[in-house]
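User: Hi! I'd like to learn how to read the features of a structure. Could you walk me through this one?

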2 protein chains.
Amino acid sequence: MPKRLNTKEVFRKGRFIIKDVELELDNGNKTTFQYWDKPDTAIIVPILKNGDVVFITEYQVAFDIPMLSLPKGRIEDGEVSFEVANKELQEEIGYRADKLDKIAIFTTIPGYLSNKTHVYIARDLVQSKLDSGDEEWEMTISHYPLEDFEKLIDENKLAGARMIAALYEARRFLSREN
Amino acid sequence: MPKRLNTKEVFRKGRFIIKDVELELDNGNKTTFQYWDKPDTAIIVPILKNGDVVFITEYQVAFDIPMLSLPKGRIEDGEVSFEVANKELQEEIGYRADKLDKIAIFTTIPGYLSNKTHVYIARDLVQSKLDSGDEEWEMTISHYPLEDFEKLIDENKLAGARMIAALYEARRFLSREN
């Protein structure tokens with residue numbers, strides 16, 4: 001296995017911090033790779049009493065179109081507190097949750113990206129809107145049943161790998177509870 | 001919805017090309033975001049006759065540990081030909097496939113990353129090894145049943161969101177065939 005020798009920042013702008021890593025390979029050769037040092041992300045699957053998931057649709061810069069997604073936010077210190085998750089939910093979808101369960105931790109592109117995605121289920125939702133004041137663009141809300149969210153994939157409405165994995169894992173988590 | 005005004009490259013090193021995007025927001029304000037302009041990826045789910053998936057474990061630079069993954073490669077021109085997929089498979093797992101089906105296209109972090117992941121199922125596998133000569137570190141091979149790959153998640157062996165979504169979608173694709 002390669003041995004990490006040195007790490008140094010080579011670029012920083014906005015949310016991007018790119019680092020150089022010097023590696024010693026098994027054959028003794030040295031080589032340099034880059035990775036994106038990105039803070040962790042929380043994704044929340046908000047589930048209403050009737051089994052619907054509350055989705056958001058928002059503009060995605062790299063694709064230049066709006067896409068279906070789930071409420072999410074940056075994690076600064078490793079864990080999402082009840083308060084932080086509920087702030088996000090109230091700002092993004094207009095609900096707060098009385099019940100929050102952590103169900104998964106995903107990597108995204110572990111070769112190039114240090115970010116982990118922490119997945120939470122939010123239940124016992126109560127309508128409660130907070131204005132964040134810092135949203136750059138509109139988010140629209142939609143509801144679809146968790147039971148057959150695969151329809152959204154088949155209809156080309158849902159493509160995010162983290163979202164799809166989170167929904168499958170949410171359904172599995174709930175089926176084990178019952 | 002924001003309007004994209006200008007795009008320009010601000011950083012390039014290794015696999016990273018970071019671009020500045022100037023956006024005009026709905027309120028008329030202008031702002032700048034960055035995204036990573038990354039070529040598409042192919043992920044292949046190789047399935048043996050007995051229902052086992054062939055996984056690889058390889059060193060992941062951003063996490064500095066080996067992780068369970070699936071055969072994958074860069075896509076240069078939008079599609080993976082039968083030949084390119086089979087070259088990857090022969091180099092990474094020592095099989096070639098007589099049957100290849102495209103089952104999904106995922107985004108990863110669509111706000112910050114233009115990359116799409118194209119997911120293929122490879123079947124009718126025949127042992128056939130090719131040496132690539134360009135692998136930086138060892139890959140080890142392992143087999144686990146597709147039927148209950150969730151065990152790998154529960155045992156903290158599998159965490160890649162794209163891999164997990166690909167395996168769920170592979171199983172759904174196969175169940176619809178039957």
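User: What is the area buried between chain A and chain B?

Analyst: Buried area is the accessible area (1.4 Å probe) that two parts lose on being put together, summed over both. Here it is about 5400 Å² between chain A and chain B, with carbon and sulfur atoms giving 68%. Keep in mind that this is a predicted model: local features need pLDDT of at least 70, side-chain atom pairs count only at pLDDT 80 or more, and totals for chains, interfaces and linings use all residues. Residues are numbered from 1 along each chain as written, chains are lettered from A in the order written, and side-chain values use heavy atoms, leaving out hydrogens and water.

User: How many salt bridges are there between chain A and chain B?

Analyst: For a salt bridge, look for a side-chain nitrogen of Lys or Arg within 4 Å of a carboxyl oxygen of Asp or Glu. Between chain A and chain B there are 8. One of them joins Asp154(A) to Arg176(B), at 3.2 Å from N to O.

User: And aromatic pairs, how many does the structure hold?

Analyst: You describe a pair of aromatic rings by the distance of the centres and the angle of the planes. Rings of Phe, Tyr and Trp (its six-membered ring) pair if their centres lie within 6.5 Å; planes under 30 degrees apart are stacked, over 60 edge-to-face, and the rest tilted. Over all chains there are 17 pairs. Trp137(A) and Phe33(B) make a tilted one, 5.3 Å centre to centre with 45 degrees between the planes.

User: Is Trp137(A) buried or exposed?

Analyst: Buried means under 20% relative accessible area, exposed over 50%, and partly exposed in between (1.4 Å probe, protein chains only). Trp137(A) is buried at 12%, and Phe33(B) is buried at 14%.
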